[in-house]
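Take a look at the fold as a whole before turning to single residues.

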Amino acid sequence: MTTPPDIIRAAYAELIVTDLAAARWFYVDVLGLVVTAEEPEALYLRAFEEYTHHSLVLRAGPTPALARLAYRVRGPEQLTVAERYFAGIGVETRRVAAGTTRGIGEAVRVHDPLGFPVEFFYETTHTERFTQHYHRQPGNAISRLDHFNVMVPDVRAAYDYYTGLGFGVSETIEDSDSLYATWLFRKPTVHDIAITGGDGPRLHHIAFASHERHQILHTCDVLGALRAEHHIERGPGRHGVSNAFYLYLRDPDGHRIEIYTSDYYTGDPDNPTVRWDVTDNRRRSFWGHEVVPSWYNEASEVLNLDGGPVPISSPPVHEASAATIGADGFGVAGTGENRQGFKLGHQA
């Protein structure tokens with residue numbers, strides 16, 4: 001088989017939002033992300049430790065959706081490697097010119113086997129890193145993009161695809177017959193992407209890392225002070241999977257954002273995979289908290305390379321236990337209602 005591209009890490013995501021001003025309030029005024037560039041129809045944002053041009057693009061459009069996930073590769077020659085690899089496995093592949101996305105060099109875009117629009121790039125405009133600019137950092141400062149979490153109907157096929165790309169496996173949720181979810185990495189943390197079972201392809205969330213728990217708690221206080229606490233969907237709490245301290249938020253369009261800290265190092269070549277039994281409820285909440293139904297049922301629609309919606313499929317087998325499989329592998333099915341009134345491209 002053709003050699004896969006040498007992927008460094010999850011690098012950026014592009015979201016379609018229906019109200020750019022409302023999105024700017026949420027991501028810049030509340031979460032404190034830095035504006036690298038601003039256009040009439042788009043915002044390019046980064047966190048305080050990031051020197052690459054952006055880790056999040058918000059682009060105005062008619063329906064909330066994921067437009068693209070992007071990974072950085074180790075060098076410009078890896079674009080040709082990516083082209084050959086994806087052509088070899090029979091997926092749609094496009095080379096795009098530098099500047100097609102502001103701040104990003106020449107890139108290769110694919111409609112991957114899981115149904116997601118994914119970009120691979122190396123060159124990017126460098127910006128100022130604000131690591132020690134504490135006078136510019138708010139109390140809830142976000143340090144960097146950490147990972148993506150996506151929902152697919154066939155977790156085993158997704159596992160095979162990403163391990164074929166050279167991703168390591170940090171954790172799984174499984175039983176003797178099925179793989180319900182898996183966490184995979186290229187950088188030496190718990191994950192760059194999580195694959196979770198359910199109707200898909202859909203984006204479950206994008207996660208940003210902070211350094212300390214108090215920064216996550218400060219975000220909760222800010223939202224409370226602004227009488228905007230309805231943007232808090234789940235947490236704060238402690239995951240069993242990943243060990244991370246977490247907070248899940250919903251932006252004004254319903255896109256889910258996780259703020260995340262305190263996972264662990266996975267860089268050794270013999271790093272062991274942590275395997276959770278699907279019946280162990282500590283995997284989703286190490287403290288035993290119930291999970292709101294929206295966290296299992298709702299996720300963002302995905303667009304293809306031409307900007308059209310990707311059809312959503314359900315898992316092929318619906319066993320008795322499958323009715324309660326959720327975004328961390330297993331949970332309460334719920335009603336599918338959006339209790340907070342957010343706009344979403346699709347609801348299960």
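What follows moves from the whole chain to two of its residues.

This is a predicted model, in which local features need pLDDT of at least 70, side-chain atom pairs count only at pLDDT 80 or more, and totals for chains, interfaces and linings use all residues. Residues are numbered from 1 along each chain as its sequence is written, and side-chain values use heavy atoms, with hydrogens and water left out.

Start with the secondary structure. The protein holds five helices and 19 strands. Both are DSSP runs numbered from the N terminus: helices are H or I with at least four residues, strands are E with at least two.

Next, the overall dimensions. Along the principal axes, the C-alpha atoms fill a box of roughly 55 × 50 × 40 Å.

Of the 348 residues, 56% count as buried. Buried means under 20% relative accessible area, exposed over 50%, and partly exposed in between, with a 1.4 Å probe and protein chains only.

Now the first close-up. R256 is found in strand 16, residues 256–261. Is R256 buried or exposed? R256 counts as buried because its relative accessibility is 3%. Its side chain makes a polar contact of 2.7 Å with the side chain of E233. A polar contact is a pair of N or O atoms within 3.5 Å; within protein, one must be able to donate a hydrogen and the other to accept it, and residues adjacent in sequence count only if both atoms are side-chain atoms. The R256 side chain also reaches the backbone oxygen of E298 at 2.9 Å. Leaving aside neighbours within four places in sequence, the contacts of R256 include H204, H205, Y248, W295 and A299.

D277 has a relative accessible area of 39%, so it is partly exposed. A polar contact of 2.4 Å joins its side chain to that of T279. Not counting residues up to four places away in sequence, D277 touches E174 and R283. Y180 lies 97 residues from D277 along the chain, yet their C-alpha atoms are separated by 9.7 Å.

How values were computed:
Contact means heavy atoms within 4.5 Å.
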